[in-house]
Amino acid sequence: MFNPENLIRKGLPKGHFKDLVVRFVLAGLTYVVVLIAALLFAKIIMDGAPVLFKAKAPFVDFEFLTAKNETLHVFDDAQGNRHQLPASRYNDYLAKYEGAPIFNEQTYSYSGGGIAGPIVGTALLTIGSMVLALFFGVAAAIYLSEYAKQSPFIHAIRLAILNLAGIPSIVFGLFGFSVFVLAVPVITPTPSDRSLLTIPLHINHYVMSFQGWNSSLMAGCATLACMILPVIITASEESLRAVPQGFRDASLAMGATRWQTIRKCVLPFSLPGILTSSLLAITRVAGETAPIMFTAAVAAKDDLPWQGLKSPFDILSSQVQALPYHIYTLAARIPSSEYTRRAQYGSVFVFLLLVASLSVGSMILRAKLRSKLKW
Amino acid sequence: MVKTSTAIQINNLSFAYGAKQVLHDVSLEIPARQVTAFIGPSGCGKSTLLRCFNRINDRIPGAKLTAGSILVHDIDINRTDIDLQELRRRIGMVFQKYNPFAKSIYDNVAFSLRAAGRTKRSVLDGIVENALKNAALWDEVKSRLHASAFGLSGGQQQRLCIARAIANQPEILLMDEPCAALDPLATLKIEELLSELKKQYTIIIVTHNLAQATRCSDNTAFMYLGKVIEYGSTMQLFENPKEPQTEAYVTGKFG
Ligand SMILES: Nc1ncnc2c1ncn2[C@@H]1O[C@H](COP(=O)(O)OP(=O)(O)O)[C@@H](O)[C@H]1O
Ligand SMILES: [Mg+2]
C-alpha cells in the first residue's frame with residue numbers, strides 16, 4: 001500500500017554516491033583532455049607569439065606576415081656586432097659596406113624574411129578546393145537525400161563515400177599525383193613527351209593531350225577537394241535529412257515543384273549544418289601536408305603566386321608555397337638552431353591563429369544562422 | 001463535487017520560467033481516485049501545472065516555484081529531502097506525443113521496474129502482462145512482446161506508454177493531452193481505459209477536447225492566462241458555469 005511518508009527520503013538520495021562518482025570521473029576525463037590541449041597551446045603561444053606580436057606600436061610584426069621568405073644570413077662585423085639579415089638586405093649590406101670584413105658567417109635556408117608566400121598559397125589552395133568540394137559535395141548530397149531511391153545500390157554508394165572519409169591523406173596525395181599531375185587531359189598545341197594519349201582536335205594544331213596539370217595550384221586544389229568531399233557529402237546529407245519531413249510535404253502540398261521545395265524549404269534550413277561542417281573541413285584542407293606535397297607545393301619560391309605571370313590563368317598552373325608544407329620544411333629539412341626558431345615557431349603560431357579563427361568563425365556563423373532559422 | 005480524500009492539494013502556487021511568470025496563485029484540491037481534467041486555451045499553463053506535480057520541470061534551467069506549495073497526500077513535494085525517484089514512481093506521466101523507447105514492447109513496460117532494481121524475470125513477466133492488460137493492449141501484443149515498440153500503431157504506442165507508466169502501480173497518473181496525436185477510434189479506446197483506470201488511480205488529464213473532458217472526467221478546472229478561473233464538478237462547470245469566461249470557453253465563443 002502507498003505510504004506518503006515514503007516520499008521523504010532518509011539520508012542521502014538513492015544513487016547519490018554513484019552519481020557523484022560518475023560525475024567526478026566524467027569531469028576528470030574532460031579536464032585531462034583540456035589540460036593536454038592547454039599545454040600544447042601554451043607551448044606554441046609562448047614561443048610563437050613573441051615573433052608576431054611586439055611590445056611597441058603597432059604591436060603586430062606585419063613584416064613577418066607580408067615579407068617574402070628568404071635565406072637568413074648571420075654574421076659578425078669588424079666591431080663584433082652580430083647581424084641577422086635576410087638575403088636581400090644582406091646583399092644591400094654588402095653593397096653599402098663594400099670591402100668591410102665579415103666574420104663567422106652562417107646561412108639558414110627559409111629562416112629569414114616573412115611567410116607571405118606560404119600564407120597566400122594556403123589561402124589559394126583552401127579557397128579553390130572548397131569551391132570545388134562544396135559544388136560537387138552539396139550536389140551529391142542533395143541527390144542522395146532528396147532524389148535517389150533508397151535502393152541497395154544507393155546504400156552501397158553511401159557506404160563507399162563514408163569509407164572514403166577514412167582513407168589516409170597521403171593516399172589522396174598519391175592519387176592526385178598520378179591522376180591530376182600526370183594524367184588528366186589538357187588542350188594544347190604542344191603536347192609533352194610523356195603524354196599518355198593525344199587526340200587531335202583538328203583546330204589549329206590543337207590536341208587533347210592526357211599529360212596532367214603538372215604540380216600546380218589546380219592539381220593541389222583538385223586533390224584536396226577529393227580528400228574533403230566525403231566529409232562534405234556526409235555532413236551535408238545529414239543536415240538535409242535533419243530538416244523535418246513535414247516541411248517538404250507542406251511545400252509540395254502547396255503545388256511547389258521538387259526543386260522549388262528543396263531550394264526554399266530544405267536547403268535554407270540545412271545551411272547552418274552544411275556551413276559548419278564545411279568550415280571544419282576548411283581547417284582540415286588548410287592543414288594537410290600530404291595531399292599537396294606531390295601535387296602543388298614547393299619549399300622555396302621567390303615570387304608570390306600572381307607575380308611574373310603572362311596571363312592571369314597561369315596562376316592555376318603555377319606551384320605555390322603552403323603553410324603546413326612550410327612548417328614541415330622548417331621542422332624537418334633544415335638544421336635547427338636559435339636562428340631558425342623565429343621562423344619555426346612564428347609559422348606554427350600564425351597557422352594556429354588561422355585555424356582558431358576559422359573555428360571561431362564557424363561557431364559564430366552557425367549561431368547566427370541557427371537563431372535566424374529555428375524550427 | 002464528491003468529497004473523497006485529497007490526492008494533491010495546491011496552495012497559492014505561482015511558477016515562473018526565468019522572468020516569465022506562468023502560473024499565478026493557483027489553488028486546487030484534487031480528489032483521489034477520480035479523473036480531474038484541466039482545460040483552457042493553449043499556453044495558459046496546463047502542462048506547466050501538471051509538470052509541477054512530479055517536478056519534471058526541475059530540469060528546465062530557470063524554472064522555479066515562486067510562491068505556494070503542492071502537497072501530495074499531505075507531503076510537500078518541494079521539500080529538499082524528497083526522494084525524487086520515489087515521487088516519480090508514485091506519480092506516473094503520459095506525454096502528448098507517444099514516446100516509447102527504442103526497445104521491445106516488453107522492455108518498455110519493464111523499464112521502470114528495472115530502474116527500481118526489480119529484475120527477476122518471473123516477477124517482471126507477471127507485472128508486464130498485468131500492466132499491458134490494464135492498458136487494454138495485451139491481446140494485441142501478447143504474441144510479439146519482444147518486437148520493437150515502433151512497430152505498433154500510434155494508438156497502440158500511446159497505450160504502451162500508459163502501460164509503461166502504470167507498471168509499478170503509481171498512485172497518481174498525469175496525462176498531458178494523451179489523445180492529441182491519436183485518431184478517434186484510438187481516442188475512444190483510451191477514454192474507455194480511463195474509466196477503468198480511475199478505479200485504481202488518481203488521474204489528472206490535460207485536454208483540448210471539451211467533449212472528452214465531459215465524457216471522462218469527474219472534475220474540471222478551467223485555466224486562463226495562468227490562473228484557475230473556475231474549478232468544480234465537470235457537470236456543473238459545463239452546464240452551469242459560474243464565471244462568464246468559463247461560459248464563453250465551454251460554449252465555444254472564445255479560445
Ligand atoms: N521551457 C519553457 N521555457 C519558457 N517558457 C515556457 C516553457 N514551457 C512553456 N513556457 C511558456 O509557459 C506558458 C504555458 O505553457 P504550457 O504550460 O505549455 O501551456 P499549455 O500546456 O496550457 O498549452 C506558455 O506561454 C509557454 O510559452
Ligand atoms: Mg501543453
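Residues are numbered from 1 along each chain as its sequence is written, with chains lettered from A and ligands numbered from 1 in the order in which they are written. In this predicted model, local features need pLDDT of at least 70, side-chain atom pairs count only at pLDDT 80 or more, and totals for chains, interfaces and linings use all residues, while side-chain values use heavy atoms, with hydrogens and water left out.

We may begin with the sheet of chain A, an open one built from 3 strands in the order E2-E1-E3 with antiparallel pairing. Here helices (H or I, at least four residues) and strands (E, at least two) are DSSP runs numbered from the N terminus, and two strands pair if DSSP finds at least two bridges between them. Strand E2 (82-86) and strand E3 (103-113) of chain A lie at the edges, each pairing on one side only. From one strand to the next, the twist averages 20 degrees. Strand E1 (residues 69-76) of chain A meets E2(A) over 5 bridges in the antiparallel sense; Val74(A) has Gln84(A) of E2(A) as its bridge partner, and Leu72(A) stands opposite Pro86(A) in E2(A). The hairpin of E1(A) and E2(A) has 5 residues between the strands, and in this hairpin Gly80(A) takes a positive phi near 85 degrees.

Turning to the cavities, the structure holds 2 of 30 Å³ or more. A cavity is a set of points, on a 1 Å grid over the protein atoms alone, where a 1.4 Å probe fits but cannot get out, and lining residues have an atom within 4 Å of a point. Grid points are joined across faces, edges and corners, and a volume is the space filled by probe spheres set on the points.

Finally, chain A brings 8 residues and chain B 14 residues to their contact (heavy atoms within 4.5 Å). The area buried between chain A and chain B is about 1,100 Å², 62% of it from carbon and sulfur atoms; buried area is the accessible area (1.4 Å probe) that two parts lose on being put together, summed over both. On the chain A side, Phe2(A), Leu7(A) and Arg9(A) lose the most area to chain B, together 55% of what that side buries.

Key. Axes are lines fitted to C-alpha atoms, for helices over the stretch in contact, and angles run from 0 to 180 degrees between N-to-C directions. On a 1 Å grid over the protein atoms alone, a cavity is a set of points where a 1.4 Å probe fits but cannot get out, and a pocket is an open set with protein on both sides within 12 Å along at least five of seven lines; lining residues have an atom within 4 Å of a point.
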